[in-house]
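Please look over the sequence and the structure shown below, and then read the briefing that follows, which is grouped by topic.

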Amino acid sequence: MGSSRTVKWSFVLFLIFLTPISIFSALMIGPADIPFKTVISTLFGGGDEISRVIVLDLRLPRVLTAFIAGFALGTAGTMAQAVFKNPLGDPYLLGISSGASLGAVIGFMINFHLVPLLAFIFAIIVSILVYSIGMAAGGKPTTLILSGIAVGMLINSIVWYLILSLPNLHGIYAWFLGSFSTVMWPQFYIILPSLFISIGMIFLYRWLNLLMLRDEEAMSLGLNVNVARTIVIIFIALITAVVVAVGGLIGFVGLVVPHICRLVVGANHRYLLPSSMLFGGIFLLAADTVARAGSTEIPVGIITALMGSPLFIYLLVRSHVKG
Amino acid sequence: MLKVENLSKFYGRKRVLKTVNLQLERGFWGLIGRNGAGKTTLLRCIMAMTTFTGTIKINGKNVKEMPRSDIAKIVGYVPQLSSQDVPLSVRDFLEIGAYYRNGNVDNVINYLGFKEERQINTLSGGEFQKLLIARAMIGNPPLLLLDEPANHLDIKNTAEIIEILKEYSKRYLVIAVVHDLNLLNFVDGVIALKNGKAKILNDVDSQALEKIFDIKVELINAGKYRFVIPRYNGFIRKL
């Protein structure tokens, strides 16, 4: 944590360097291993029929989608922890997870293909509801979190009631744990905007730095706290709702990736935000690659927690020992 | 410099400040009053961080009509509580404080003598308080407001901070909430808050202090300094 600016920028550069490597590796790995040379030649218009189908039609959209989802969740999680001044800040606060669940369940009841659209719409509707209630109750970070918990419990009770009426629980179960198993090019185009919005968030790093201080302090240093907080929350909701629409409720990344990066580069969002987005992307891509590498697909949410928790525990203890 | 006209502030039905009028130019001013007298509220009003009736002007500009970023350029503020537990380095912390100022952070770091990569949660109470004051002074805002700057500080740190503020107040206006009345030895003037009214005390004598604090006090003269001692007699027996 007491590292210099050079170390912090080196970490960001290292992650930038690691991104194409992890994408190429992910394209090679799968039930059928494809050698590096074949991946490269296929990407540039060569390769045989089989490698073209596997690399270009199946793996590339999924690999890119998983990376973007992690990138976006890392961004939204970092922003949520700043805006709620809470280490348990998560992109799914504000009722986004419960709203998306409701939309998804309704989708599974009516038509499977409507799941992404309904998950997105309900995530936005419920987060607006949570935000409005939170603002009516004073608009402090804690009030917003409590409003999210209260509305979340209400919506979840409806969700669980509806789930009882579903004939087949496998689909909704996989959705709850998060999964990219059905991702093709159309889903990639749906998630693509969240990549651009996330990159744009880098320009808000000053706001985030001020928002994580006490409100009164941030105001005295020149920030219009209420306006900044509202705008940041709108972006968190948008980014997260898009990810949830495509990948379901992928846990862990938004909550823990920012903490892991904070242990390396500290809390200044100038370094923390780029680190969290890149690390989130690489981390979720790695998890999804593991999830699909075996003979049976495992929901990626299980892998993220399984891979991430030991790393997080190690860093947590090490940072304490180092003092 | 600072002009407060007919300032009133309600918290619900409770009126904390009643038509306060003040006009101050420069110098080091101590703001005194009992707990809950409205000292912090007055500072918050000056920074337009809360709603109020009346007008407050800094250098002729109405604070209610100024964007936050403009107020931050001309008013430095040292709050009672800050965020020392956030994992930031000294440099990060100062840079965040300078976003809306035109000031040089390097000079401040040199002046403080702290290592710029030092984490703020490793600073002692006195060091952190100096950091907060230094942050408020970035870009030399003409008005400096401090909420109990000497709170929890030992005698050496208190002396250092008083010295810094005295120096700054030669050119600018400094208003500090003060609980340790002995520090009034070092201010240029005293503003007292009582029952929502503000009054400039021309004479800090025992009579005036007794009125403000509702307790008998004795003033002890020692050379050019005066010390305030409360009278405890009878208080414990009444309990």
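The contact between the chains takes 28 residues from chain A and 28 residues from chain B, where contact means heavy atoms within 4.5 Å. This is a predicted model, in which local features need pLDDT of at least 70, side-chain atom pairs count only at pLDDT 80 or more, and totals for chains, interfaces and linings use all residues. Residues are numbered from 1 along each chain as its sequence is written, chains are lettered from A and ligands numbered from 1 in the order in which they are written, and side-chain values use heavy atoms, with hydrogens and water left out.

**Between the chains**

- Chain A and chain B bury about 2,400 Å² between them, with 56% of it on carbon and sulfur atoms; buried area is the accessible area (1.4 Å probe) that two parts lose on being put together, summed over both.
- On the side of chain A, the residues that lose the most area to chain B are Glu216(A), Ser220(A) and Leu221(A), together 24% of what that side buries.

**The sheet of chain B**

- Chain B has an open sheet of 4 strands in the order S2-S1-S4-S5, with antiparallel pairing; strands (E, at least two residues) and helices (H or I, at least four residues) are DSSP runs, numbered from the N terminus, and two strands pair if DSSP finds at least two bridges between them.
- S2 and S5 (61-62) of chain B stand at the edges with a single partner strand each, so one side of each is left without a neighbour in the sheet.
- Strand S1 (residues 2-11) of chain B is joined to strand S2 (residues 14-24) of chain B by 7 bridges, and Phe10(B) stands opposite Arg15(B) in S2(B).
- The hairpin of S1(B) and S2(B) has 2 residues between the strands, and in this hairpin Gly12(B) takes a positive phi near 65°.
- S1(B) also pairs with strand S4 (residues 53-58) of chain B, in the antiparallel sense and over 5 bridges, and Lys57(B) in S4(B) is the bridge partner of Lys3(B).

**Two helices of chain A**

- Helix H1 (residues 5-28) and helix H3 (residues 49-83) of chain A pack at an angle of about 140°, with their axes 9 Å apart; axes are lines fitted to C-alpha atoms, for helices over the stretch in contact, and angles run from 0 to 180 degrees between N-to-C directions.
- The contact is made by residues including Ile23(A) and Leu27(A) of H1(A) and Leu60(A) and Phe67(A) of H3(A).
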